[in-house]
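Keep the viewer open as you go.

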Amino acid sequence: MNSNTNYLRFSLFHRFCHFLVIISFFGLVLTGIPLAFRGYGWARWLYELFGGYPTAGYLHRICAIITFFSAFVHFINLFYNVSVRKKKGYFWGSNSLLIQPRDIFDIIADIKWFMGIGKKPDYDRWIYWEKFEYLSLMWGTLVMAVTGLILWFPVQFTKIIPVSVATIIDLPSIALIVHRYEAILAAGFIFTIHFFHTHLLPEKMPVDEVIFTGRITEEEMKHERLVQYKRLVKEGQLDSFRVAPPSLFVRFLTRLFAVPILITGLIVVGLMFSALLVWAI
Amino acid sequence: MVHKTKSNVKKLRKLSVFAFFVISSVTLALSPAIIMAGDNGPCIECHTKPEKLKVSEKAKIDAVTGEIKVSSMVIDEAIFKASAHGGDDFFCTDCHQDLDGKDLTDGHKPNLKPVDCITFCHDDPAEEYLQSTHVKLMRENGKDVPTCKDCHYGLSFHYAPSGEKSPRDVPRGVDPVHRDLTIATCGSCHQDYLSSYRNNAHGQVASLGHTTIDVPVCFDCHGKHTILKSSDPESKVGKERIVETCGKCHANANASFVKHIEHPQIKNIAYYKAIISAVKNARSDPENLKKVLKNPQTILCVVFVMYIGILAFTFSAFGMHSLLSWAAIVRDEYKKRRGHSDEQQH
C-alpha cells in the first residue's frame, strides 16, 4: 500500500468536484431526510439540530445551490475539454464514463466469478458499477434539481401550465413525491452501495483515499485495474501519470475528513433502515 | 361653663372630622378592598401568591358531564398575559361579573357564579358554526352534531404548563401548540384527511412539530367555525375563494397553482382499489374510467408505485451485487491461503 510508485488517477479538479458533492449532498440529506421520515423521533431531533423550520429549509437551499454549482463546473469542464482543447475519448473508449461493450463482458465475467466458475475479471479505468454510480449521480442531480426548483418556486412553475392541464397533472405534488423518493434512493444508494463498493471494501477499510489524494499506488492499480495498467504500459504512457506519493499530512487530513463523514452516512442509513423495519413489523 | 362646654364640643367635632379623614384615607391606602372595572391589580395581587389565598385549590363538578376537576385558584401571570384573554383591554370582572364593585377587605365570597362564555362574548361563532356545512351535513345524515366542547375540549386546549387547564388561559389562535392541537382534533374524526395531509408538503413540516402561522394547519384553509362544502361559493376552498385562500401565503397564486392536491391518496389502499375496479369495468363503464384517469390523484399513485418499484429493484439488485462480490473476495482469499499452506506442507 505504501509503495513509492504512484500514478495520478484523479486530477485536482475531479477531487474538488467530489469534495463539493460530499459537502452539498450531506447538507441536503441531513436537512431533507427528516421530512421524508417525519413520523419518527430521530427525524424530529435531526430537523431541530439544523434549526427546524424554516432554518433547515434555508440550509437545504444553500446546499442545493452548491450542488448546482458543482454540476455547472463539471459540464463547463467537459465542454471546455471536448470543444476547445479537442480532447478525445470522453464519449467512447476506455476512458469514457459512458457504458461500453466491454462493460457487458465485465458484468458476465463478474457473475461467473460470483458463482465460482471463473476468475476475478480484470477491469479497465472505470468499472461498470462506477459508471453506473456516475451516471445515476448525473440523472439523480437532474431529477432532484428540477423537482426541487418546482417545490422552491411552485407559483412560478404552475404559472406556465394552462389550467386545463393543471387539473390533471399537479406539478408540485408530483415533484414532491419524486423528490422524496428519489432522495431516499440517492441517500440509501450512496450510504450503502457506494460506501461498500469503494470505501468499505476489505482491502480499503475505512476509506479509499484515491478520490481525496488523487494518487493510486502501482500495486493497487495492478490489482484493481490491470487492463488500464497494461494498456498504458503498451502505449508507453504510464510514466506520464507518475506522481510523488501523497504526503502523510494529506493522508491524515483525508481520514480526518472522510471517516466522520462515512460514519454519519452509515448512521443516517441505519436510521432509515430501522424506519423500514418499524414500518414492516 | 356653658360656653366652655360648647367650645369643647366644637373641638371634639373638629377632631372627629380630622380622625375620620385620617382613618378612612389610611384604610383606603392599606387595603385593596374594592374591585373596580378596568383594573386587574387587586385580583393579581392575591391570585399569583398561594400564601395570600384562603383556598388555593378547589374541586368543581362539571354541570354537564358530572366530572370532578380540581382547579387551582393561582394564576400564572406570564401564561395569562400570553393567553387569548390576557390583552390589556380585558379584565377579570368582564367574565367574573358578580365581583364587579365588591368589597374585598375580608376576601370575596367563596363560590363565584360559573362564567357565561357565550352570552356576551362567544355568541358569533356558535351561529356561524350552526350554519356551516359541517353541521348541516351531519344533521341530514342523522349524526350527532359536535358541540363547542367537542372541539374546544378544555383539557387539551386550555393547557397551561402549571398543569392546570383553565378556559381563562386558552392560548391565542397564533400559538403554535394550540395550532398543533387543532390538527389532532380535526384528525380525530377526519382520519383519512389527517394522514393524507401528513403526506403533503405542508403536513410534513407540521408533523415535525412546526406549526407557526407560516405552516398551514387544517383551519387555515378550511376555516374555523364556518366550514363549508367546496361547492359552496362562500367556501374558502371553493372555486371562487381558493385563489384568495392560497394567496394568503403564496403571493400571486394563480388558477393553475390552486389545482394543487392538498390530500394525496398515494398511501390510501381504497384509492388503488378504485383505480383497479375502474380499469376492470372499462368496457361496461368507460365514463368512470375516464373520470379516474383524469383525476390528478391517479398520476400521483402511478409515480409513487413506480418509485417503490425502483427502490425495491435498485436495492435488491445492488445489495445482492455487494454481498456476492464480498463473498467472492473472501472465497478467493480463503483459496489463496489454503494454496499457500498446501505449498508449505509439500
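## Starting at one alanine

A201(B) sits in helix 11 of chain B. Helices here are DSSP runs of H or I with at least four residues, strands are E runs of at least two, and both are numbered from the N terminus. Before going further: this is a predicted model, where local features need pLDDT of at least 70 and side-chain atom pairs count only at pLDDT 80 or more, while totals for chains, interfaces and linings use all residues. Residues are numbered from 1 along each chain as its sequence is written, with chains lettered from A and ligands numbered from 1 in the order in which they are written.

Is A201(B) buried or exposed? A201(B) counts as buried, because 20 C-beta neighbours fall inside 10 Å. The cut-offs are 20 or more other C-beta atoms within 10 Å for buried, 12 or fewer for exposed, and anything in between for partly exposed, with C-beta atoms placed from the backbone. Leaving out residues up to four places away in sequence, A201(B) touches L151(A) and L176(A). A contact means that two C-beta atoms, placed from the backbone, lie within 7 Å. Within chain B, A201(B) and V215(B) are 14 residues apart in sequence, with 9.6 Å from C-alpha to C-alpha.

## Where the chains meet

Zooming out, the contact between the chains takes 39 residues from chain B and 40 residues from chain A. On the chain B side, the elements giving two or more residues are helix 11 (201–207) and helix 16 (296–345). Helix 16 of chain B gives the most, with 17 residues. Sorted by class, that side of chain B has 23 nonpolar, 12 polar and 4 charged residues. Nonpolar covers Ala, Val, Leu, Ile, Met, Phe, Trp, Tyr, Cys and Pro; charged covers Asp, Glu, Lys and Arg; the others, Gly among them, are polar.

## The two chains in numbers

Along its principal axes, the C-alpha atoms of chain A fill a box of roughly 60 × 45 × 40 Å.

## Helices in chain A

Helix 1 (residues 12–36) and helix 3 (residues 52–84) of chain A pack at about 155°, their axes 8 Å apart. Because of that angle, helix 1 of chain A is roughly antiparallel to helix 3 of chain A. For angles, under 35 degrees is roughly parallel, over 145 roughly antiparallel, 65 to 115 roughly perpendicular, and the rest oblique. Among the residues making this contact are G27(A) and G32(A) of helix 1 and A56(A) and A64(A) of helix 3. Overall, the residues of this contact split into 13 nonpolar, 9 polar and no charged.

Y53(A) and P54(A) are joined by a cis peptide bond, with omega about 0°, and P54(A) lies in helix 3 of chain A. K86(A) belongs to the loop between helix 3 and helix 4 (101–114) of chain A. Although not a glycine, K86(A) has a positive phi of about 55°, and K86(A) is exposed, with 7 other C-beta atoms within 10 Å.

Helix 8 (residues 171–199) of chain A carries a kink of about 35°, centred on F189(A). The bend at a residue is the angle between axes fitted to the seven residues ending there and the seven starting there. Helix 8 of chain A is largely enclosed by the rest of the structure, because 22 of its 29 residues are buried.

## Back to chain B

The axes of helix 14 (residues 269–280) and helix 15 (residues 286–294) of chain B come within 8 Å and cross at roughly 140°. That angle makes helix 14 of chain B oblique to helix 15 of chain B. A274(B), I275(B), A278(B) and V279(B) of helix 14 meet N288(B), L289(B) and V292(B) of helix 15. This contact has 6 nonpolar residues, 1 polar and no charged.Axes here are lines fitted to C-alpha atoms, for helices over the stretch in contact, and angles run from 0 to 180 degrees between N-to-C directions.

One last stop is N252(B), in the loop between helix 13 (242–247) and helix 14 of chain B. N252(B) has a positive phi near 65° without being a glycine, and N252(B) is exposed, with 10 other C-beta atoms within 10 Å.
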